[in-house]
Amino acid sequence: MLANRIHELKQLILSEASLVVKMLSLAIEGLYDPGYAFSEAVMTFEKRVNQIEVEIDNKCITLIALQQPEAKDLRQILMIYRINNDLERLGDQAVNIAESSIEVSGKKSLSQVPELLEMKKAVNQMLRESLEAFTNEDDELARKVCANDNIVDDFNRRIISHLIELMKKDGPLIEEYLHLMRIARNLERIADLSTNIAESTIYLSRGKMIKHGF
Amino acid sequence: MVERQIYTQDLCLSFGDKQVLNKVSLDIHKHKITALIGPSGCGKSTLLRCFNRMNDLIPETRISGEVWVNGANIYASKIDLSSLRAKVGMVFQKPNPFPKSIFNNVAFGLQIQGRFSKCEIHTRVEASLKAAWLWDEVKDRLHCSAMSLSGGQQQRLCIARALANNPEVLLLDEPTSALDPQSTAKIEELCLDLRKQVSILIVTHNIAQAGRISDYTAFMYLGDLIEFGSTEQVFTVPADKRTEAYLQGVFG
């Protein structure tokens, strides 16, 4: 009875997750492919993600209020509630990236920051692996995701100092550089949120809270 | 669109000088589970017993207002009480099988009506025991005494006994308070399954149980119906402060 409802909830959050992954791929694809019309799709997906977020929120509240879940059932519902929140934020980050992608797509400044491509790959992998870990309750994969967060943080620092150098040298392109900085910052946030999802997965499967080194 | 099966209009009831129900107006929806909750003495069991006129048996009972079941005012004169109680079955807190065989417990109501053939009675007994999820456990010992069953089985037997009359409504008065958690879970799942064929009203002190199985919840306090709404609504954002306090265990 409760297990079925949690299963339905999990299916719903996985459909939300697949929309967010798609939004991010569209936003990044648009950055490297100037002719690619993507912004409308990203905005449409974001609306859908917001709808699903509210739906999951309500379902979690109802399940906790009416079914008094215990043990793993309780952990599942609480983590779905938390991951739901992370996914909605991820959708917002993808929208931010899409907005800046439109501004710098195909421009010279983009080729000056090749590290961004590497960072994007690393972030994309973290997001996908965090979702895979959650789907399969794979805490080993989740730990790997957490460990990779530092790599993305390094990318972010390197890109920001590189962009500051470029801004000093080439003042007229400062607007483009700021957009690139925004993209890097948002990618870094996506890595953080993927780490959150991985931490929630570890709590879900092991009942262990590993946030902030605890 | 939910159809209402029972409704009360300004229902008041008193036992002697004691007013137990105070102008209760309530709709019970068809093929849904409605939970009646509230602190002891709030009148929820009395309200339940109004729906098949069980309170009539208590001396000095005075009732005013109306109770309609399937479009008929059941407190009107010329109401046939036996057919009302067949249509509105009841199961009590403590399992109370007759000191007869398992088969005869379920068959008894049909036998005394005298209008069913033996074959029909057999078919109905089997169908009722199946509907009450008891058949597989008792099919090989139908002629053993009902008293040999466990408490949970006896309670399911009482449900089967009520189901044999093809009721439209089932009244359950704290049906699981004398049962262990496993038997309770079975009765709860059974209720969810029975919802497709009968409307169920359940009085329970177990708030968690009301949350788990009911579609609608009515909260009563000192004979008044304080709040009625979908269980989801009542349990997450109750409209009345007293309902909120009761659900939080602050009083009652």
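The model is predicted. Helix 5 of chain A covers residues 115-136, and strand 8 of chain B covers residues 199-203. The contact between the chains draws 7 residues from chain A and 8 residues from chain B.

**Helix 5 of chain A**

- At 1.5 Å a residue, the 22 residues of helix 5 of chain A should span 32 Å, and the end C-alpha atoms are 32 Å apart, which agrees.
- The buried residues of this helix are Leu116(A), Met119(A), Lys120(A), Val123(A), Met126(A), Leu127(A), Ser130(A), Leu131(A), Ala133(A) and Phe134(A).
- Viewed down the axis of helix 5 of chain A, these buried residues fall within an arc of 165°, so they line one face of the helix.
- An α-helix has 3.6 residues a turn, so residues three or four places apart point the same way.
- Lys121(A) and Asn136(A), on the other side of helix 5 of chain A, are exposed.
- Glu137(A) follows helix 5 of chain A and has a positive phi, near 50°.

**Contact between chains A and B**

- Chain B contributes 8 residues to the contact and chain A contributes 7 residues.
- On the side of chain B that touches chain A, the elements giving two or more residues are helix 8 (207-213) and helix 9 (231-236) of chain B.
- Helix 9 of chain B provides the largest share of that side, with 4 residues.
- By class, the side of chain B that touches chain A comprises 2 nonpolar, 3 polar and 3 charged residues.

**Strand 8 of chain B**

- Of the 5 residues of strand 8 of chain B, 5 are buried, so the strand is largely enclosed by the rest of the structure.
- Ser199(B), Leu201(B) and Val203(B) point one way from strand 8 of chain B, Ile200(B) and Ile202(B) point the other way, and all are buried.
- Strand 3 (residues 33-37) of chain B pairs with strand 8 of chain B in the parallel sense over 4 bridges, and Thr34(B) stands opposite Leu201(B).
- Strand 7 (residues 169-173) of chain B also pairs with strand 8 of chain B in the parallel sense, over 5 bridges, and here Leu170(B) stands opposite Ile200(B).
- A right-handed β-α-β unit is made by strand 7, helix 7 (residues 181-194) and strand 8 of chain B.

Notes: Residues numbered from 1 in each chain as written. Chains lettered and ligands numbered in written order. Predicted model: local features only at pLDDT ≥ 70, side-chain atom pairs only at ≥ 80, totals over all residues. Expected span 1.5 Å × (residues − 1). Buried ≥ 20, exposed ≤ 12 C-beta atoms within 10 Å, placed from the backbone. Arc of directions from axis to C-beta. Contact = placed C-beta atoms within 7 Å. Nonpolar A, V, L, I, M, F, W, Y, C, P; charged D, E, K, R; others polar. Pairing = 2+ DSSP bridges. Right-handed = clockwise from strand over helix to strand, strands pointing away.
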